[in-house]
Amino acid sequence: MAGLSKAGLPRAILFDMDDTLIRAYAQPEEAWTRLLHVFSAHLDAHDEAAIARVRTAVMEEARAFWNDRAEAAKWRLDIPGARRLSVRRGLARLGRPDDALADRIADSFTELRRQEYRLYPDAHATVDALRDAGVRLALVTNGASETQRAKIERFELAHRFHHIQIEGEFGQGKPELGVYRHALERLGVGPEDAWMVGDNYEWEVVAPQMLGMCGIWYDPFKAGVPANATAQPTRIITRLAELVE
């Protein structure tokens, strides 16, 4: 990536963090399956079908929970607490309410995910090449300040960005349009001169495009554009390095 030309690059790029620069919450089915095996005796789930029933109940409750935009905006600042509620509701749905067990399962899943955070292998090199090429960079992430700052420190991201904006510190999160406007203002560019890069279709494609930004969708698992998509991404990448190749 040495000697990267600015040809074709914007004046500024806003990056999402979770599951864009850091693999954090991707492929939850696999993670839940592994975790629930640890609790199989407590759940009387002694075969794969029983594990799958618990996983499905928990994940469907979580999906319904996060699809409520108002609730999601509140609970993004307390992901462990939100996870406890989802597991409690999932077990209750299966006819075996047990808040204490639900909380143990939820907290174990939170710790499992934390331990397994991984920087995508091309993240540092891509961001560094863009900065060296003169592109203004912002890290724009939802979530609580303490949680997100810990990731930023753990994965040595702070010095790589001209501006870091965290929902819990700024007071608003994506997809609120004020989030993008503020980051652009801090970088000193207009929306027509900026890209948003990330894995969440609404947050990194739909909302930024409403402001006139380019929405670059990061699709590392090649899931394809969602069937209900209301906008087409400006570009789809499956590796971060594609931004500088």
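Me: Is aspartate 44 buried or exposed?

Reply: Exposed counts as over 50% relative accessible area, and aspartate 44 has 54%, so aspartate 44 is exposed. Bear in mind that the model is predicted.

Me: Where does aspartate 44 lie, and what is its phi?

Reply: The loop between α2 (40–43) and α3 (48–66) holds aspartate 44. Its phi is positive, about 55°, although the residue is not a glycine.

Me: Aspartate 19 also has a positive phi. Is aspartate 19 buried or exposed?

Reply: Buried means under 20% relative accessible area; aspartate 19 has 8%, so aspartate 19 is buried. Its phi is about 65°, and it is not a glycine either. This residue sits in the loop between β1 and β2 (22–23).

Me: What do I look at when two helices pack? Take α5 and α6.

Reply: Two packed helices are described by the angle between their axes and the distance between those axes. Here the axes of α5 (residues 79–93) and α6 (residues 99–116) come within 8 Å and cross at roughly 135°. The two helices are therefore oblique to each other, and their crossing is right-handed.

Me: Which residues make that contact?

Reply: From α5 they include Arg83, Val87 and Leu91, and from α6 they include Ala102, Ile105 and Phe109. By class, the contact has eight nonpolar, one polar and six charged residues.

Me: How do I read the side of a helix that is covered?

Reply: An α-helix has 3.6 residues a turn, so residues three or four places apart point the same way. In α7 (residues 123–132), the buried residues are Ala123, His124, Thr126, Val127, Ala129 and Leu130. They pack against β1 (12–15), β3 (118–119) and β4 (136–141). Just after α7, glycine 134 takes a positive phi of about 95°.

Me: How many residues of α11 are buried?

Reply: Seven of the ten residues in α11 (residues 201–210) are buried, which leaves the helix mostly covered. Among them are Tyr201, Trp203 and Val205. The cover includes α10 (177–187), β6 (194–198) and β7 (214–218).

Me: Which peptide bond is cis, from lysine 174 to proline 175?

Reply: That bond is cis, with omega near 10°. Proline 175 is in the loop between α9 (167–170) and α10.

Me: What is the mean pLDDT of the chain?

Reply: Where pLDDT is low, the predicted coordinates should not be read in detail. The chain has a mean of 95, and 97% of its residues reach 70 or more. Over residues 1–5, however, pLDDT is below 50.

Notes
Residues are numbered from 1 along each chain as its sequence is written. This is a predicted model: local features need pLDDT of at least 70, side-chain atom pairs count only at pLDDT 80 or more; totals for chains, interfaces and linings use all residues. Side-chain values use heavy atoms; hydrogens and water are left out. Axes are lines fitted to C-alpha atoms, for helices over the stretch in contact, and angles run from 0 to 180 degrees between N-to-C directions. Helices (H or I, at least four residues) and strands (E, at least two) are DSSP runs, numbered from the N terminus. Angles under 35 degrees count as roughly parallel, over 145 as roughly antiparallel, 65 to 115 as roughly perpendicular and the rest as oblique. A crossing is left-handed if the near helix is turned anticlockwise from the far one by less than a right angle, and right-handed if clockwise. Contact means heavy atoms within 4.5 Å. Ala, Val, Leu, Ile, Met, Phe, Trp, Tyr, Cys and Pro count as nonpolar, Asp, Glu, Lys and Arg as charged, and the others, Gly among them, as polar. pLDDT is the predictor's confidence in each residue, from 0 to 100. Buried means under 20% relative accessible area, exposed over 50%, partly exposed in between (1.4 Å probe, protein chains only).
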